[in-house]
Amino acid sequence: MRSQVRNHAVARSRQNMAKPEPILTQETFRFFRDLARHNQKTWMDANRERYQECVVRPFRRLLEATAPAVLALDSRFDTAAPGGRNFSRINRDTRFAKDKTPYRPQMYLKFCAPFPGDGETGELYGGVSANAVTAGFRIYAGSKYKESALAQIAFPRAIAESGWSARQKKRLTGRYESYWYAMEKGEWKEQSGWPASAEDWKKLRAWVVRRKLSPVAATRASFPGELGKIFRDVYPLLRFTSLKD
């Protein structure tokens, strides 16, 4: 009897040891809320260690946890990009920030599609800000449209396969929201819904298909798995717009 009790206790201990723990916590969201309220270099300098503890280290763990699912989709994804390119920069270029705040109170984990040259390409991403979590697919033309995947891959394919966008809309609508940006008279203008016509694709300079999640969902141990499911859902969008094969 004692042997059975002891064996049961050992098995339960092993289960507890193997139980996954959350990667992101409420402290991550609290940091971003505080940064939004105190968006100054003096505050950031005084909270550098907190930034490392609550944002940088958890996001690195999130990268490690989601990388296998991303590589299963396409082994060409760079899941250990040099210079921290799997993460967005928290420092803002204040020359172009209308509110002049030096920091962005948010962070994005991103996996970029391989693309030759310096042009912009599509991404699978997960983002956390003070009060919101989003994940999905996004692609931008950047400042050099002709060098981007949008111009070189997405536009020709969308013209050749006119029904593709409608099929993706049918597959994902209800679970994901889609919006895109058109170039009109030299200005980017947000458009809700899905790009559909040849004229839409001709004007398209950015496209986002995403799912919104609650901060509570992001603080569960299951969050990396949820990101993996979202990446599988939207990967066909990245493949169509950014991968030549």
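**Close-up views of a sheet and its helix contacts**

**Figure 1. Pairing of strands β3 and β6.** Strand β3 (residues 133-140) pairs with β6 in the antiparallel sense, over 8 bridges. Within this pair, Ile139 is set opposite Trp207 in β6. The model shown here and in the following views is predicted.

**Figure 2. Strand β6 and its pairing with β4.** Strand β4 (residues 177-184) is joined to β6 by 6 bridges, and the two strands run antiparallel. Tyr179 has Val208 of β6 as its bridge partner.

**Figure 3. Pairing of strands β2 and β3.** Strand β2 (residues 123-129) and β3 run antiparallel and are joined by 6 bridges. Leu124 is found opposite Phe137 in β3.

**Figure 4. The open sheet of 6 strands.** The strand order is β1-β2-β3-β6-β4-β5, and the pairing is antiparallel. The edges are formed by β1 (106-112) and β5 (187-192); each has a single partner strand, so one side of each is left without a neighbour in the sheet. On average, neighbouring strands of this sheet are turned by 25° against each other, direction ignored.

Figure 5. Helix α9 lies across β1, β2, β3 and β6. The helix runs at about 15° to β3. Of the strands it lies across, β1 stands at an edge of the sheet.

**Figure 6. Packing of helices α4 and α9.** Two packed helices are described by the angle between their axes and the distance between the axes. For helix α4 (residues 48-73) and helix α9 (residues 223-242), the axes come within 9 Å and cross at roughly 30°. Since angles under 35 degrees count as roughly parallel, α4 is therefore roughly parallel to α9. The crossing in which α4 passes α9 is right-handed. From α4, the contact is made by Leu62, Ala65, Thr66, Ala69, Val70 and Leu73. From α9, the contributing residues are Phe223, Pro224, Leu227, Gly228, Phe231, Arg232 and Tyr235. Sorted by class, this contact of α4 with α9 has 10 nonpolar, 2 polar and 1 charged residues.

Conventions. Residues numbered from 1 in each chain as written. Predicted model: local features only at pLDDT ≥ 70, side-chain atom pairs only at ≥ 80, totals over all residues. Heavy atoms only, no water. Axes fitted to C-alpha atoms, helices over the stretch in contact; angles between N-to-C directions. Helix = DSSP H or I, 4+ residues; strand = E, 2+ residues; numbered from the N terminus. Parallel < 35°, antiparallel > 145°, perpendicular 65-115°, else oblique. Left-handed = near helix turned anticlockwise from the far one by under 90°. Contact = heavy atoms within 4.5 Å. Nonpolar A, V, L, I, M, F, W, Y, C, P; charged D, E, K, R; others polar. Pairing = 2+ DSSP bridges.
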